[in-house]
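Please read them with the structure open.

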Amino acid sequence: MKYITIKDIARHLSISVSTVSRALGDDKNIRKETKEKVIEAAKRLGYRPNPVAINLKYGHTNTVGVIVPEMVTPFASRVINGIQEVLHTKNIKVIIAESGGDPEKEKENLQLMEGFMVDGIIICLCSYKRNKEEYARLQQAGMPMVFYDRIPYGLEVPQVIVDDYMKSFFLVESLIRSGRKQIVHIQGPDDIYNSIERVRGYKDALAKFGIPFDKNNMLIKTGMTFEEGKKAADILVERNIPFNAIFAFTETLAIGAMNRLRELGKKIPEEIAVASFSGTELSNIVYPKLTTVEPPLYQMGKKAAELILEKIKDLASPNHSIVLDAEIKMRASTPRLEVY
């Protein structure tokens with residue numbers, strides 16, 4: 001598709017590019033007849049102003065980049081809905097990129113956003129150990145950045161999170177109070193700081209009730225997908241590890257494990273209770289419905305958008321850390337538990 005530019009209009013009318021530009025900009029120093037001739041030619045040729053070029057003239061593009069690890073579950077889309085709700089009222093468009101959980105692709109996406117000259121970046125990162133130098137470089141170059149859910153631990157940045165440690169502690173404590181003491185944790189990747197915090201909450205809940213912790217039998221390390229949740233269940237069965245409850249890093253792992261256990265004839269929750277963090281609508285459409293910790297994703301997106309607007313307005317504004325309250329939703333995949 002060929003885009004008509006002011007150069008095409010100028011060539012068509014045999015006048016200068018600057019005259020066309022000033023006429024389209026309603027410059028008072030341009031004769032009325034010339035303005036009318038330029039406007040008529042623009043309509044006839046199908047000229048449309050380039051909003052990016054116009055905004056760049058004033059030092060901004062009215063765009064914000066959003067980088068997410070995945071779009072398989074509704075997690076990212078709910079956050080994006082919140083972001084767009086806020087930015088739309090300011091006439092700011094959103095450019096979305098997916099890293100696929102790959103730090104190298106995330107770095108490419110960061111550089112892509114920089115190349116697009118976005119006014120700011122909102123990101124849920126892949127690894128708190130990787131790309132720190134890139135985040136620092138962008139910030140030093142004057143790029144406003146806000147992190148949500150997964151953060152670059154150790155860097156002072158604007159961020160919107162939930163209390164992974166405390167909610168994990170409460171959920172595991174509730175499993176214990178329901179009579180389940182052989183609880184295994186399907187752990188997330190070591191380079192996601194949320195994973196470290198959820199393991200800490202899990203272990204401290206066990207310690208509170210005097211339940212011995214054996215990392216070889218109680219921590220199953222996998223990836224993040226449904227398939228890897230299924231593999232985690234197979235590992236538990238193959239190793240003949242005694243367990244009557246699973247606490248999974250995310251609902252994708254929990255659903256994968258739960259579906260596999262049901263295939264193997266295990267009754268959920270009568271024999272094995274299953275619960276997870278990072279619940280979304282998916283937890284309501286599986287059988288049995290999954291007990292989860294559900295972050296307020298829409299609100300998380302809105303708060304992230306508010307923070308990026310603040311940073312765009314004043315890069316020197318404080319780096320706020322907002323901790324939102326996640327809700328534990330008790331469902332049929334666990335026995336009746338105490339609600340916090």
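1. Basis. This is a predicted model, in which local features need pLDDT of at least 70, side-chain atom pairs count only at pLDDT 80 or more, and totals for chains, interfaces and linings use all residues. Residues are numbered from 1 along each chain as its sequence is written, and side-chain values use heavy atoms, with hydrogens and water left out.

2. Helix H3. Helices (H or I, at least four residues) and strands (E, at least two) are DSSP runs, numbered from the N terminus. H3 covers residues 32-45, 14 residues in total. From first C-alpha to last, H3 reaches 20 Å, close to the 20 Å expected at 1.5 Å a residue; the expected span is 1.5 Å times one less than the number of residues. Just after H3, Gly 46 has a positive phi of about 85 degrees.

3. Buried means under 20% relative accessible area, exposed over 50%, partly exposed in between (1.4 Å probe, protein chains only). Lys 35, Val 38, Ala 41 and Ala 42 are the buried residues of H3. They sit on the same side of H3, because their arc around the axis is only 135 degrees. That arc is taken from the directions from the helix axis to the C-beta atoms. The face turned away from the buried side carries exposed Lys 32, Lys 37, Lys 43 and Arg 44. Cover for the buried residues includes helix H1 (6-13) and helix H2 (17-24).

4. Asp 8. Asp 8 lies in helix H1. Its relative accessibility is 14%, so Asp 8 counts as buried. A polar atom of the Asp 8 side chain lies 2.9 Å from the backbone nitrogen of Thr 5.

5. Six strands form an open sheet in the order E2-E1-E3-E4-E5-E11, with parallel pairing; two strands pair if DSSP finds at least two bridges between them. Strand E2 (93-98) and strand E11 (321-324) are the edges, each pairing on one side only. Strand E1 (residues 63-68) pairs with E2 over six bridges in the parallel sense. Thr 63 stands opposite Lys 93 in E2.

6. Asp 234. Asp 234 is in helix H11 (residues 226-238). It counts as buried because its relative accessibility is 19%. Its side chain makes a polar contact with the side chain of Arg 260 at 2.7 Å. Such a contact is a pair of N or O atoms within 3.5 Å; within protein, one must be able to donate a hydrogen and the other to accept it, and residues adjacent in sequence count only if both atoms are side-chain atoms.

Key: Contact = heavy atoms within 4.5 Å.
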